[in-house]
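Here are my notes on the model, point by point. Please read them with the structure open.

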Amino acid sequence: MSKTQEILSTIPGNPLIGLQKADELWRTYKAGERSFPTVITEQAKPLEQVDYDVAVCGGTLGILLGAALAGKGWRVVLLERGELRGREQEWNISRRELETFVELELLSEEELGEAIATQYNPARITFNGGKELWVTDVLNIGVDPVYLLDKLKQKFLASGGTLLEHTPFQSATVHPNGVSIQASDSPITARLLVDAMGHFSPIVQQARQGEKPDAACMVVGTCAKGYNNNETGDLIASFTPIKNQCQYFWEAFPARDGRTTYMFTYLDAHPSRPSLEAFFEDYLTLLPEYQNTPLDQLDFVRALFGFFPCYKDSPLQYPWNRTLPVGDSSGSQSPLSFGGFGAMVRHLGRLTKGIHEALDADLLDSKSLGVLQPYQPNLSVTWLFQKSMSVGVNQKVPPNKINDVLSTIFADMAALGDDVLKPFLQDVVQFPALAKTMLRTSTRHPLLVASILPQVGVGSVASWMRHFVSLGGYNVLNAAESSVDRALASSAKKQYYANRWIDALKYGSGGDY
């Protein structure tokens, strides 16, 4: 019996079964055998009656948006395939990002304080053989999902929202005046369907037509008690050279129930890539060295695992009227990020305002909704970074090459100050910070920069340059826009599009940080 089978079979809920199911899904992605069901159809005949303004499909993170829209007076129904309840494992985020909940009046300051389960400082950044860096107040807050979702559920219901638990989405038909959703005995009708079902949403699968992802992030981990040190965290760490054509990275956080540790890697979906179970075996083999704690000293509370497909064609825009992907469904995080809670919170205010204005002006066609998920050059530039942190199946790269590159670049960012380093650690890339880092690294370490080119390829660099120039343009336009008074447009439609362009500049330049 492997270490993975031995340990996971003893954890409550037997996560070994879940790991094997996730592995089978990962196998279909690698093999290019993704079937995509037709869950969205269109019909020219109008609905006789539309009961809701918004139907949010996917409650775990959809409740954030559902509660915000219900608070603005819209008739919102939320569909969740199981019970709407947060997981036991904390969601890590930075304190300043949590203010969104107070700004949208979803939580009071007191309730927000109650939602914070853990806090720690400082956090480490380290790469095999390089200098350790330490930062404070970055992803150092652990939010209690059980408490948070319960409070948001109460807020949602108090605002008139309708919650349908144990009601999985099955299919939907788009009509000229609304969407008819099949999820129970009788159809649920709404003016707008919001897809918050995540990376593996059946609507996403249909929209992408079974397309193979351009990259993926594999993650495995546990929460356990018994570690020798549980005072600090790791934002990103590595202590091994390239293994199995992958560079292994680690994260670690103090948790309410012990210490959470993750191992993750960036890779493509080539059929020869390792299974999640094999990856988990490597994690358990390396964990004692990483945390200086033997396995038999640990009491494992939870196991965590998954893979996150990434597409260059992101954020995703649906081709159908009256349908909108949000959160992981839209792919609105960079290929360096796991997405999830942090990405949803970052865009929550923007999406709430945008959907509110779209409903108010009845701009629910695919073109109008598409501008709610615009091109964001600050996300697109990170594809080159992801590429430089991964290794092709047949590539020959010096064993410590990725560690050397990252150690140098992060040291340069740290030398340039928190204004450069901290946004990047929170998945926010800004033109001034990136330009300063490039200039410093290229002048101080020209041979290192030149050595990256064969690994990532000329095509990737050329594509990156286009996004980098766009990032600079967005930065200039966002600064110019914020310095002038906004004039009211002559119609609600023009105002809607003007506001979405302003949002695109702000978020696409990292100006929301």
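1. Glutamine 317. The model is predicted. Glutamine 317 sits in the loop between strand E17 (299-310) and strand E18 (323-325). Leaving aside residues up to four places away in sequence, glutamine 317 touches Gly370, Gln373 and Pro374. Serine 460 is 143 residues away from glutamine 317 in sequence, and the C-alpha to C-alpha distance is 23 Å.

2. Is arginine 322 buried or exposed? Arginine 322 is buried, because its relative accessible area is 9% and the cut-off for buried is under 20%. Its backbone deserves a look as well: arginine 322 is not a glycine, yet phi is positive, about 60°. Proline 315 is also found in the loop between E17 and E18. The peptide bond that leads from serine 314 into proline 315 is cis, and omega is near -5°.

3. Another cis bond. Asparagine 121 and proline 122 are joined by a cis peptide bond. Here omega is about -10°. Proline 122 lies in the loop between strand E5 (116-119) and strand E6 (123-126).

4. Asparagine 14. Asparagine 14 has a positive phi of about 45°, although it is not a glycine. The residue is placed in the loop between helix H1 (3-8) and helix H2 (15-31). Asparagine 14 counts as partly exposed, because its relative accessibility is 29%.

5. Strand E15. How many residues of strand E15 (residues 249-255) are buried? The count is 7 of 7, and E15 is mostly covered. In a regular strand, side chains alternate between the two faces of the sheet. On one side of E15 are Phe249, Glu251, Phe253 and Ala255, all buried.

6. The neighbors of E15. Strand E14 (residues 233-237) runs antiparallel to E15, and 2 bridges join them. Strand E16 (residues 258-267) also runs antiparallel to E15, with 7 bridges between them. E15 and E16 form a hairpin, with 2 residues between the strands. Which residues stand opposite tryptophan 250? Alanine 237 stands opposite tryptophan 250 in E15, and tryptophan 250 stands opposite methionine 263 in E16.

7. Strand E11. Strand E11 (residues 178-182) is largely enclosed by the rest of the structure, because 4 of its 5 residues are buried. Strand E10 (residues 171-175) is antiparallel to E11 and joined to it by 5 bridges. That pair is a hairpin through 2 residues. Histidine 175 has glycine 178 in E11 as its bridge partner. Strand E12 (residues 188-195) is antiparallel to E11 too, joined by 3 bridges. A hairpin through 5 residues joins E11 to E12. Threonine 189 in E12 is the bridge partner of serine 180.

8. Strand E3. Which way does strand E2 (residues 52-57) run relative to E3, parallel or antiparallel? The two strands run parallel, joined by 4 bridges. Cysteine 57 stands opposite leucine 79 in E3. From strand E3 (residues 76-79), Val76 and Leu78 point one way. Val77 and Leu79 point the other way, and all four of these residues are buried.

9. The whole protein. The protein has 18 helices and 18 strands. It is as compact as a globular protein of 513 residues, because its radius of gyration is 23 Å, close to the 24 Å from the globule rule. Along the principal axes, the C-alpha atoms fill a box of roughly 65 × 55 × 50 Å. Buried residues account for 57% of the 513.

10. Contacts, surface and charge. Of the contacts between residues at least 6 apart in sequence, 77% join residues at least 24 apart. The accessible surface is about 21100 Å², and 52% of it belongs to carbon and sulfur atoms. The protein carries 46 positive and 55 negative charges, whose mean positions are 6 Å apart.

How values were computed: Residues numbered from 1 in each chain as written. Predicted model: local features only at pLDDT ≥ 70, side-chain atom pairs only at ≥ 80, totals over all residues. Heavy atoms only, no water. Rg over C-alpha atoms; globule rule 2.2 N^0.38 Å. Buried < 20%, exposed > 50% of the residue type's maximum accessible area, 1.4 Å probe, protein only. Contact = heavy atoms within 4.5 Å. Areas by Shrake-Rupley, 256 points an atom, 1.4 Å probe, with all protein chains shown as cover. Lys, Arg positive; Asp, Glu negative; His and termini not counted. Charge placed at Lys NZ, Arg CZ, Asp CG, Glu CD. Pairing = 2+ DSSP bridges.
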